[in-house]
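Please look at the sequence and the model together before reading on.

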Amino acid sequence: MDTTSMQNPSAGLPAEGHLLIVGAGLAGYHVARGARLTGHVGPITVLGDELHPAYDRPALSKAFLSGAAAFEHLVLDDPENPLDVTWFGGAAAEHLSAFPLGVHTSDGRFHAADAVVVATGAQACRLPLSGGATFVLRNIDDAMALRSRVIENKRIAIVGGGFLALEAGATCVERGAAEVTVAAGEDYPGTARLGVPVGQAVRKLHERHGVSFAPASRADSVRDVPSGQELVLANGHRVEADIVICAIGATPATSWLRDGVLSLDPTSGAILCDDTGFTGMPGIWAAGDCAQWASQASGLRPVGHWQEAVEQAGILSASLTGTSPAPFQEPYFWSEQYEVKIQAAGRISHANEVRVVDGSIETDDLLLSYLRDGAEVGILGFNRLREVKRWRKQRQIRTADVLVA
Ligand SMILES: Cc1cc2nc3c(=O)[nH]c(=O)nc-3n(C[C@H](O)[C@H](O)[C@H](O)COP(=O)(O)OP(=O)(O)OC[C@H]3O[C@@H](n4cnc5c(N)ncnc54)[C@H](O)[C@@H]3O)c2cc1C
């Protein structure tokens, strides 16, 4: 489907119309907030399958998992000044109806709407198991289950080499794990996505904290053995552990939409949208990790990052209420591992060259520049908060303008 050329007949939801948001997460919360901030006075309903109030996820693999942050610190709504929104928790959306417009939920209700925003996020990928149970980290229940386990003096196997996996590994080290072994598809995790210096620096950072890396391979299965669990890799390597944490990515939570009302990406299952979040189906929009906006499909914008979900929510709610959306900022994401804050800004996936500008892969102060045909398109820093902040400030212009320049 060519989403770039779609007309948007739904722009300007009537100010008193009913806005129904499916998914009480980051994007869902910010769509509701944005709609109120841009003058929507009609009812707003948010449907969520979780029983908790909407919360922020990044701390689940960091401060919440380590015990430094409580759930109250993650809650998105301001208890002193709550949004004027009706929340329905504990019932999953099961069917999207285009005519009449609305959503059927698992508790048997039908929620009629004048506009529906799908913001159901993503769900954690899991390993095919043969026996053993593993932990994942996508929602607060996952994080609470892992947080309540004794980590001290235990052997931990981490499956996956993304930042979420490595954050979980770092948190386990900080909680006194006896051994942490990372089983990833790359010897130097992050190399394919962020370049050789990042892969090397990240591995060295973890090795300095005593983490081991299994020979690069796809993980095959986990099974119970007398001494605990055994993670079996496709290359035949085995890792024994007391706890296995599986962080091998997430897929859009769109299985409830597979009845054909919306166009889904055939590979990822993400909802295809234009760059306002409009799906092409009158009255239906989508944002956050469940969606693939046109600029993401073309590789201009990343998927699965916090800033992306918040920006999309702002643009979408402005489009719904007929106000001018703020322009896209440069893509941005961050990670925290031990005492190191890694931040990346810009169109890193477009770079064809990466240069070390300052610092070293041996220390925690690396600064990298990403270039495409000699022109800088992105920056990544280890504990380089000032430089990354300055770069982002200087580049607060539309992505489209950057491309033209
Ligand atoms: C552990 C963790 C750490 C992260 N750390 C970082 C980080 O350091 N930096 C960064 O940039 N990004 C990070 N992210 C990514 C960021 O948090 C996500 O991109 C963001 O949460 C996406 O928001 P969302 O609203 O699309 O999805 P979510 O926040 O996942 O919200 C979706 C909501 O919809 C609900 N839902 C799903 N299906 C249904 C249904 N059928 N009916 C009703 N409700 C449904 C879900 O239960 C969930 O409550 C992290 C993510 C995780 C999981």
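Into which domains is the chain divided? The model, which is predicted, has a chain divided into domain 1 (3–123 + 250–321), domain 2 (126–246) and domain 3 (332–404).

**Domain 1 and domain 3: position and contact**
- The centres of domain 1 and domain 3, taken over C-alpha atoms, are separated by 29 Å.
- Eight residues from domain 1 and ten residues from domain 3 take part in the contact.

**Buried area**
- The size of an interface is often expressed as the accessible area that is lost when the parts come together.
- Between them, domain 1 and domain 3 bury about 820 Å², and 60% of this area lies on carbon and sulfur atoms.
- Of the area that domain 1 buries against domain 3, 57% is supplied by Lys 62, Leu 300 and Gln 307, more than by any other three residues.

**Polar and charged features**
- Two residue pairs are in polar contact across the interface of domain 1 and domain 3.
- On the side of domain 1 that touches domain 3, three residues are nonpolar, three are polar and two are charged.
- The number of salt bridges between domain 1 and domain 3 is zero.

**A strand pair**
- Strand 4 (residues 93–97) and strand 5 (residues 102–105) run antiparallel and are joined by four bridges.
- These two strands form a hairpin, with four residues between them.
- His 95 stands opposite His 104, a residue in strand 5.

Terms used
Residues are numbered from 1 along each chain as its sequence is written. This is a predicted model: local features need pLDDT of at least 70, side-chain atom pairs count only at pLDDT 80 or more; totals for chains, interfaces and linings use all residues. Side-chain values use heavy atoms; hydrogens and water are left out. Domain bounds come from an automatic or database domain assignment. Contact means heavy atoms within 4.5 Å. Buried area is the accessible area (1.4 Å probe) that two parts lose on being put together, summed over both. A salt bridge is a side-chain nitrogen of Lys or Arg within 4 Å of a carboxyl oxygen of Asp or Glu. A polar contact is a pair of N or O atoms within 3.5 Å; within protein, one must be able to donate a hydrogen and the other to accept it, and residues adjacent in sequence count only if both atoms are side-chain atoms. Ala, Val, Leu, Ile, Met, Phe, Trp, Tyr, Cys and Pro count as nonpolar, Asp, Glu, Lys and Arg as charged, and the others, Gly among them, as polar. Two strands pair if DSSP finds at least two bridges between them.
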